[in-house]
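Hi,

Here is the structure I promised to pass on. Please open it alongside this email; my notes follow below it.

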Amino acid sequence: MTRPDVISTADSPRSSALGRFASPILLVALMWVVQLADAILPGSFTGFGLRSWDVEGLGGILVGPLLHADWAHLIGNTVPLLVLGCLVAVEGARRFWAVTAMAAVIGGVGTWLVNAPGTLTVGASGLVFGYFGYTLMRVFAPGRVAHRVLYAVIALIVIALYGGSMLAGVVGVREGISWQAHLFGAIGGGLAAFIGRSGTRRT
């Protein structure tokens, strides 16, 4: 008689806090390394950001979120990115990177199209808004009722903490801040909440 296969998940990334939250922590750490290198090395990395209506500037869709104008810009993005990113990462690293990719691509393309030609955009705030949009729209995405209720509670907390600043980031931004990146990043994150999901499963 053969023994049934036993799959242990005790050490799997999805079952450990470290494994779940490693992705947003690594992403933020990479941004800090890039900013440190930018401060030490001659020249400036910001020129590699997203330059609107410039085909050669499309590479900024990928690298732009890693670049920041200065340390204050990076510090301002770090805490909300970690908090909101970890909320997304609760569902696993694969989901986190999928949401990050959607927010970066849709946020980048929208910014590239809507911003004035030649405008240079850098910073991770588009990702922050993407995680915010994902957290809100996750309430309406297919899934188990218990999960949706939990996300509704989380969404209310997130709105209480960041709702005002997020709204101001779209409709009340001061000169030099890209509301386009904020808006389209949020749209990308919201769409990511519905991609790759099926209806509620019963066991």
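**Confidence first**

This is a predicted model. The protein has a mean pLDDT of 84, and 86% of its residues reach 70 or more. Two stretches need care. Over residues 1–15, pLDDT stays under 50. The model has 8 contacts beyond four places in sequence for that stretch. Residues 199–203 also stay under 50, with 5 such contacts.

Start with helix H5, residues 125–137. Its 13 residues should span 18 Å at 1.5 Å a residue. The end C-alpha atoms are 18 Å apart, so the helix agrees with that expectation.

How much of H5 is covered? Most of it: 11 of the 13 residues are buried. Among them are Ser125, Gly126, Leu127, Val128 and Phe129. Gly130, Tyr131, Phe132, Gly133, Tyr134 and Thr135 are buried too.

Next, the largest nonpolar core. It has 26 residues. Those with the most contacts inside it are Leu27, Met31, Leu81, Leu84, Leu127, Tyr131 and Met166. At least two core residues come from each of these helices: H1 (17–40), H3 (71–89), H4 (93–114), H5 and H6 (145–171). H5 supplies the largest share, 6 residues.

**The salt bridge**

How many salt bridges does the structure hold? There is 1. Glu91 pairs with Arg138, and their closest N and O atoms are 3.3 Å apart. Glu91 lies in the loop between H3 and H4, while Arg138 lies in the loop between H5 and H6. The pair therefore ties together parts that are 47 residues apart in sequence.

Are the two partners buried or exposed? Buried means under 20% relative accessible area. Glu91 has 15% relative accessibility, so Glu91 counts as buried. Arg138 is buried as well, at 4%.

**One backbone detail**

Take a look at Trp53. This residue lies in the loop between strand S1 (50–51) and helix H2 (60–63). Most residues other than glycine have a negative phi.

Best wishes

How values were computed. Residues are numbered from 1 along each chain as its sequence is written. This is a predicted model: local features need pLDDT of at least 70, side-chain atom pairs count only at pLDDT 80 or more; totals for chains, interfaces and linings use all residues. Side-chain values use heavy atoms; hydrogens and water are left out. Helices (H or I, at least four residues) and strands (E, at least two) are DSSP runs, numbered from the N terminus. The expected span of a helix is 1.5 Å times one less than its number of residues. Buried means under 20% relative accessible area, exposed over 50%, partly exposed in between (1.4 Å probe, protein chains only). A nonpolar core is a set of buried Ala, Val, Leu, Ile, Met, Phe, Trp, Tyr and Cys residues joined through side-chain atoms within 4.5 Å. pLDDT is the predictor's confidence in each residue, from 0 to 100. Contact means heavy atoms within 4.5 Å. A salt bridge is a side-chain nitrogen of Lys or Arg within 4 Å of a carboxyl oxygen of Asp or Glu.
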